[in-house]
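Hi everyone, thanks for coming. Please have a look at the sequence and the structure on the screen, and then I'll walk you through them.

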Amino acid sequence: MKSYIVGNWKMNFSVGESSVYLHKLLQRLRGSRSLEVVVAPSSIALQPLSLQTDRKKIRLAAQTANSHDFGAYTGEISCTQLRGLVDYCIIGHSERRQLFHLTDKDVRATVAAALRNQITPILCLGETAAEHTFGETHDVLRDQLLGGLSEVSTEDLSRVIIAYEPVWAISTTTGAHLAAPEEVAATIKYLRQLLTDTYGADTAEALPILYGGSVNPSNAGAYLTIPGVNGLLVGSASLIADQFLEIIEIAKRVQD
Ligand code: PGA
């Protein structure tokens, strides 16, 4: 199966800096059919970067989108507007859920909006530190996963990517700490089983699941070799070219 390395730049880099950074990455990357490199710049940089990028090497993702196609939603950007600019959209990132009160209903509707606008949703799931401590991880992930996919037809499931990011392991979270690969492996197994029970083994196996949470060049290999992990969603380390490129190299080595 194809692997994915996705860099989430969050609210970093001006448009000019984004362009210079993309240029640097494009110069140093070679295209690969089995490894998709994706970056998610701020929305204001998407249009110029969409003209600059070489989609054989790097594809673009939006960091979020509104679920409506158009209308009176001041400050929002729809998947209809993003269509043609990006191939992917991150949906339901924990920062959107926590800081901007994105609800499960919004997430589900945005996944559907992305699909009807020919954009691949990267549906993010993850339990908070408190949910983790109180043993609620499985329940939370089940609701986020099956809820997020509930408006997706069985045939459209092949156009969806899942990203599991324990909120307590995200680098910007207070007191964040690394998730042990063994624990991530157990959670990925649980997610695959849920997908198998709900959609059948063939569909479940074909759905890419990425891992994210303080991924860097020293731990990328350990996460990428977990059975059932098909790539990484990288925040902080994606802001530094050498680190991001090293993670991509590691992903290529793991595939070989
Ligand atoms: P991080 O961010 O790699 O800095 O932990 C990951 C994310 O929030 O997607």
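Let me begin with a term: accessible areas here come from the Shrake-Rupley method with a 1.4 Å probe, and for residues only the protein chains shown count as cover. With that in hand, the accessible surface of the protein comes to about 11800 Å², and 52% of it belongs to carbon and sulfur atoms.

A word on where this comes from. It is a predicted model, in which local features need pLDDT of at least 70 and side-chain atom pairs count only at pLDDT 80 or more, while totals for chains, interfaces and linings use all residues. Residues are numbered from 1 along each chain as its sequence is written, and side-chain values use heavy atoms, with hydrogens and water left out.

Now the overall picture. The protein has 11 helices and eight strands; these are DSSP runs, numbered from the N terminus, with helices being H or I of at least four residues and strands being E of at least two. Its radius of gyration is 17 Å, close to the 18 Å that the globule rule gives for 256 residues, so the protein is as compact as a globular protein of that length. That radius is taken over C-alpha atoms, and the rule is 2.2 Å times the number of residues to the power 0.38. Of the 256 residues, 49% count as buried, where buried means under 20% relative accessible area, exposed over 50%, and partly exposed in between (1.4 Å probe, protein chains only).

Let's move to the ligand. Which residues come nearest to the ligand? Of the 13 around it, they are K10, H93, E165, S171 and S214, with "near" meaning that a heavy atom lies within 4 Å. Oxygen atoms of the ligand lie 2.7 Å from a polar backbone atom of S214, 2.8 Å from a backbone N or O atom of G235, and 2.8 Å from a polar side-chain atom of S236. The protein covers 100% of the 280 Å² of accessible area that the ligand has on its own.

Finally, a look at one serine. S78 lies in the loop between β3 (58-62) and α3 (79-82). Is S78 buried or exposed? S78 is buried, with a relative accessible area of 4%. Leaving out residues up to four places away in sequence, S78 touches N66, H68 and D69, a contact being heavy atoms within 4.5 Å. The S78 side chain also reaches the backbone oxygen of D69 at 2.8 Å.

Terms used: A polar contact is a pair of N or O atoms within 3.5 Å; within protein, one must be able to donate a hydrogen and the other to accept it, and residues adjacent in sequence count only if both atoms are side-chain atoms.
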